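Subject: Handover of a structure and notes on its helices

Dear colleague,

Please find the structure below, together with its sequence. My notes on it follow, and I would ask you to read them with the structure open.

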Amino acid sequence: MKDVSAKSPTLRTAIAEAFLTMPDAIQTMLRERQLEKGDALEIARVAGALAAKKTWDLIPFCHPLPLTHVAISYAFEAEGVRVQALVKTHAVTGVEMEALTAVSISALTLYDMLKPHTHAMEIAYTRLLSKTGGKSGDYRYQPETAADTERR
């Protein structure tokens with residue numbers, strides 16, 4: 001692990017997103033909460049929040065952080081569902097990995113709950129959208145290709 005003991009705590013935030021593609025009929029089932037396993041969106045929301053809190057346990061060189069806020073949100077789009085996570089802390093290191101872990105596990109949970117109905121799904125991407133705080137300053141995702149622009 002990197003030695004961060006000399007750093008001062010600052011407010012740090014990160015927003016990450018993942019995109020899960022799926023057929024329209026499955027998206028309708030998800031949106032209308034018609035799954036026999038339960039409300040997949042809420043279950044995936046809880047899974048994402050729990051994952052954010054366990055990131056240090058999953059990724060070897062991540063520091064344990066006192067998370068002050070984790071919020072998972074969804075946006076239905078023509079080809080699937082966008083999952084976003086906002087994570088905050090007041091600490092000596094950032095929460096990018098916690099946000100990325102949260103959306104990854106949320107998307108995987110949705111996949112798991114929808115797979116009895118189809119395997120025609122793909123977690124198309126997972127990416128950091130923004131981060132604030134810390135010595136390296138703020139970051140905001142900028143699409144580099146036309147394909148990235150089309151997905152937004």
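I begin with a pair of helices: α2 and α4 pack at an angle of about 145°, and their axes lie 7 Å apart. Here axes are lines fitted to C-alpha atoms, for helices over the stretch in contact, and angles run from 0 to 180 degrees between N-to-C directions. Their crossing is right-handed; a crossing is called right-handed if the near helix is turned clockwise from the far one by less than a right angle, and left-handed if anticlockwise. On the α2 side the contact is made by A40, L41, I43, A44, A47, G48, A51 and A52, and on the α4 side by E98, T101, A102, I105, S106, T109, L110 and M113. Contact means heavy atoms within 4.5 Å. Sorted by class, this contact has 11 nonpolar, four polar and one charged residues. In this scheme Ala, Val, Leu, Ile, Met, Phe, Trp, Tyr, Cys and Pro count as nonpolar, Asp, Glu, Lys and Arg as charged, and the others, Gly among them, as polar.

Please note that this is a predicted model, in which local features need pLDDT of at least 70 and side-chain atom pairs count only at pLDDT 80 or more, while totals for chains, interfaces and linings use all residues. Residues are numbered from 1 along each chain as its sequence is written, and side-chain values use heavy atoms, with hydrogens and water left out. Helices (H or I, at least four residues) and strands (E, at least two) are DSSP runs, numbered from the N terminus.

Helix α2

Helix α2 covers residues 40-53, which makes 14 residues, and reaches 20 Å from its first C-alpha to its last, close to the 20 Å expected at 1.5 Å a residue. The expected span is 1.5 Å times one less than the number of residues. Which residues of α2 are buried? They are A40, L41, A44, A47, G48, A51 and A52. These residues lie on the same side of α2, because they cover an arc of only 135° around the axis. The arc is that of the directions from the helix axis to the C-beta atoms. Buried means under 20% relative accessible area, exposed over 50%, and partly exposed in between (1.4 Å probe, protein chains only). The buried residues of α2 pack against α1 (24-31), α3 (55-58), β2 (67-77) and α4 (96-114).

A44 counts as buried, at 0% relative accessibility, and is in contact with Y74, S106, T109 and L110, leaving aside its neighbours within four places in sequence. K53 also lies in helix α2, but counts as exposed at 51% relative accessibility.

Helix α1

In α1, the residues I26, Q27, M29 and L30 are buried. Seen down the axis of α1, its buried residues fall within an arc of 160°, so they line one face of the helix. D24 and A25, on the other side of α1, are exposed. The buried residues of α1 pack against α2, β2, β3 and α4. After α1 comes R33, whose phi is positive, near 55°.

Two loop residues

T93 lies in the loop between β3 (80-91) and α4. This residue is buried, with a relative accessible area of 18%, and T93 touches R12, H63 and L65, not counting residues up to four places away in sequence. P143 is in the loop between β5 (139-140) and α5 (146-151), and counts as partly exposed at 28% relative accessibility.

Yours sincerely
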